[in-house]
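Let's take a friendly walk through this fold together. Have the sequence and the 3D view side by side as you read.

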Amino acid sequence: MTWSIVARDSESGLFGLAVASKFFAVGALCPWSGGPHGAAMSQALPNPELGHRALGLLAEGHLAGDVVAMLTGMDGGIDQRQLHVIDAAGGTAAHTGAHCVDWCGHRSEPGVSVAGNMLAGSEVVAETLAAWKANPDLSIVERLIVAMQAGEDAGGDKRGRQSIALRIQGPEIFPRLDMRVDDHQDPIPELRRLYDVAKERFIPFSAGMPRAGRPFGILDRAVIDRIIERDAGKPLAARTDIPEV
């Protein structure tokens, strides 16, 4: 019912996840992240327990390939599921069940994995991956949006469009950015609109949230206001910390 990308920005270590589907609120079930250890996506007939367990195994130090191998061995419905995982080092692994609905498949490379089912064709996965790889100079959010647009332009979900979600995960337990379009006739442009709104205040405000080396965040509201004034409209920074002003 879906296609998705999980990736790691090699410079900053930030993880990016994006998923789209002709299904209501795909972001409520499929993407999984939290902390510095990696990320996962459970889809097709999704089993959220797989995503939850994947994060736990990654936190224990298991590599992506081992995580996928362990999880596919413990789910009686695995033939109808897709799962792909990225670990802290950018290692990736994926599973596409034999009974997932065509077109279905995945392509996993160091630093990025794309998987999909119920797609118009293999070009959806191929073009999503190619667009990610072709745009390393874009900000991580723009890079994910461009990649998903390329997949949509290649046919996307063969049933049509309805929802999309995008998440940026740093080493904190909470995401740097978490956006969802749950029900829309044209979800990707709506996601872009939400990103523009997020840049106005949410993203610069979030620079003051607790981070490594700053466990309580920025508590001086005057400093927070100066950061918002300085950075309003700017893209989400790839670097893992934002200097105070």
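## A walk through the sheets and spaces

A44 is found in strand β4, where strands (E, at least two residues) and helices (H or I, at least four) are DSSP runs, numbered from the N terminus. Before going on, please note that this is a predicted model, in which local features need pLDDT of at least 70 and side-chain atom pairs count only at pLDDT 80 or more, while totals for chains, interfaces and linings use all residues. Residues are numbered from 1 along each chain as its sequence is written, and side-chain values use heavy atoms, with hydrogens and water left out.

Back to A44: its phi is near 70°, a positive value in a residue other than glycine. For context, most residues other than glycine have a negative phi, and most peptide bonds are trans. A44 counts as buried because its relative accessibility is 9%; buried means under 20% relative accessible area, exposed over 50%, and partly exposed in between, using a 1.4 Å probe and protein chains only. The strand around A44 is mostly covered too: β4 spans residues 38–44, and seven of its seven residues are buried.

Now look at the partners of β4. Strand β3 (residues 31–33) runs antiparallel to β4 and is joined to it by three bridges; two strands pair if DSSP finds at least two bridges between them. P31 has M41 of β4 as its bridge partner. β3 and β4 form a hairpin with four residues between them, and G34 in the turn has a positive phi of about 160°. With strand β5 (residues 81–87), β4 pairs in the antiparallel sense over seven bridges, and S42 stands opposite L83 in β5.

These strands belong to an open sheet of four, in the order β3-β4-β5-β6, with antiparallel pairing. Each of the edge strands, β3 and β6 (92–96), has a single partner strand, so one side of each is left without a neighbour in the sheet. On average, neighbouring strands of this sheet are turned by 10° against each other, direction ignored; here the axes are lines fitted to C-alpha atoms, for helices over the stretch in contact, and angles run from 0 to 180 degrees between N-to-C directions.

Another open sheet has six strands, ordered β7-β8-β1-β2-β9-β10, and its pairing is antiparallel. Its edge strands are β7 (105–109) and β10 (177–181), each pairing on one side only. β7 pairs with β8 (residues 112–117) in the antiparallel sense over five bridges, and the bridge partner of R107 in β8 is V114.

Two backbone details lie in loops. In the loop between β6 and β7 you will find W103, which is joined to D102 by a cis peptide bond with an omega of about -15°. M118 sits in the loop between β8 and α3 (123–134), and its phi is near 55°, a positive value in a residue other than glycine.

What about the cysteines? A disulfide is a pair of cysteine sulfur atoms within 2.5 Å, and by this rule the count comes to zero. The sulfur of C30 is 12 Å from the closest cysteine sulfur, in C100, which is too far for a bond. The sulfur of C100 has its closest cysteine sulfur in C104, at 5.3 Å, again too far for a bond. C30 is buried, with a relative accessible area of 0%, and C100 is buried at 8%.

On a 1 Å grid over the protein atoms alone, a cavity is a set of points where a 1.4 Å probe fits but cannot get out, a pocket is an open set with protein on both sides within 12 Å along at least five of seven lines, and lining residues have an atom within 4 Å of a point. Grid points are joined across faces, edges and corners, and a volume is the space filled by probe spheres set on the points.

The largest pocket holds about 180 Å³ of space, and its lining includes R8, D9, W132 and R143. A search of the whole structure finds two cavities of 30 Å³ or more. The second largest cavity holds about 70 Å³, and among its lining residues are W3, E152, R161 and I188. β2 (15–21) and α5 (187–200) each supply at least two residues of that lining.
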